[in-house]
Amino acid sequence: MAVTPAEILIPDISLAHKGKETLIYDIKQVQKVEQSQCNVRQQLLDGLMDPISPSIPSILLWDDIGLKLFETLTLNPRYAPFHSELGILNQRVEEMVDIIPSGSLLIELGCGSLHKTSIILSAFERQKRYVTYYALDVSRRELVEGLGKLRALFGQSKYVKLRGLLGSYEDGIGWLSQYVTTGNGHDEGDDGAGPKMVTFLWVGNSIANFAPDDAAVLLQGFSVMCESLNLSCQFLVGVHTCQDEAKVLASYDSTEPALCDFIFHGLDQANQHLQEEVFRRGDWICRCEFDSTDHMLRVYYEAAREVRIELGGDHERVFNCGDRILAIVSGKWTVEDIQQMCGGVGLEVSRSWRSVDYECEFHAIRPQ
Ligand SMILES: C[S@@+](CC[C@H](N)C(=O)[O-])C[C@H]1O[C@@H](n2cnc3c(N)ncnc32)[C@H](O)[C@@H]1O
């Protein structure tokens, strides 16, 4: 049976623009919320007890507080990729929007603070192309604040319609099928018919917070769903590509408070899920390493002394001084890496844009 997603109205904005509200759909499957919290706890225990490469689930970093800390990090002038991505968008956005037909759906995956989005939506305005834009993220606050700012810019637009989706990437795949079967009428294309194409915008190198195989599975999930719904689909993906280790590590300087605050927030979140103070910040230092063979930056918590963590039941583990727990990965993938990842799931890179400083690239990805 089709489920209509719950609708959250942004109160102040909907009042100011009666009849043209910005809707945020809560697409988290309600019955799964408690289950997903248990899952995070279980993932946490499994990750910490992994005998070879202990880790915490990186989703712990992306709550409302984590996102604010991440934003502070990215706005730091030393965090080069963010500024490079803004630069390439400002220079090449018309060409990128050129590949998105009027009347399309544009779904931004992991939209965060939506800093870059207004550059893209402004190009739709200039090119007089209709677009229904959906911002998707797990953070309600980012969606409300970010869409509020976009509303101020595009609230009166004839071409740009704004929406929000509160949920995970996987929830987004599920929502798409319901959207087409139940919600298509909300977002008619300019010819009065429903949209024929979906473009998934995935910027800020978020795709490379996954291992390549896991990223490929997500891309495939979206593209297979579109295919089953008779929608054409493409991805516009912004990635960090710098292979110069010194430059990469300058952006991820573990002595920078902005980076440490963001990363250590993961330990606070772990304590919350474990319902006790298992981790004390003073026991750990933040360590970043770039592996030039697999093009992955890895950020770790490194034990500053011997640390014994007790996780209840039989779960106990001793970390010796220098032992590490993986906090997050951020791939610095070349176009060949992306092509290889896509090829395995029936996708291909159809066009690329590279920043002048070689720090980042945008790729259009389509089914082969
Ligand atoms: C690296 S940040 C990028 C933010 C923004 N796109 C930018 O370019 O600055 C990753 C974003 O993805 C979101 N995110 C992480 N995991 C997610 C998931 N499983 N489902 C949905 N959003 C997720 C985070 O909340 C965060 O906003």
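Modeller: Helix α5 (residues 117-126) packs with helix α6 (residues 140-154) at an angle of about 30 degrees, their axes lying 11 Å apart. The angle makes α5 roughly parallel to α6 (under 35 degrees is roughly parallel, over 145 roughly antiparallel, 65 to 115 roughly perpendicular and the rest oblique). Helices are DSSP runs of H or I with at least four residues, numbered from the N terminus. Axes are lines fitted to C-alpha atoms over the stretch in contact, and angles between N-to-C directions run from 0 to 180 degrees.

Biologist: Which residues of α5 and α6 make the contact?
Modeller: T117, S118 and L121 of α5 meet L150, L153 and F154 of α6, contact being C-beta atoms, placed from the backbone, within 7 Å.

Biologist: How do the residues of that contact divide?
Modeller: Between α5 and α6 there are four nonpolar, two polar and no charged residues. Ala, Val, Leu, Ile, Met, Phe, Trp, Tyr, Cys and Pro count as nonpolar, Asp, Glu, Lys and Arg as charged, and the others, Gly among them, as polar.

Biologist: And what is the angle between α8 and α11?
Modeller: Helix α8 (residues 212-228) and helix α11 (residues 335-343) pack at about 55 degrees, with axes 9 Å apart, and are therefore oblique to each other. P212, A215, A216 and L219 of α8 contact D337, M341 and C342 of α11. This contact of α8 with α11 has six nonpolar, no polar and one charged residue.

Biologist: What should I know about the model and its numbering?
Modeller: The model is predicted: local features need pLDDT of at least 70, side-chain atom pairs count only at pLDDT 80 or more, and totals for chains, interfaces and linings use all residues. Residues are numbered from 1 along each chain as its sequence is written.

Methods. Helices (H or I, at least four residues) and strands (E, at least two) are DSSP runs, numbered from the N terminus. Two residues are in contact if their C-beta atoms, placed from the backbone, lie within 7 Å.
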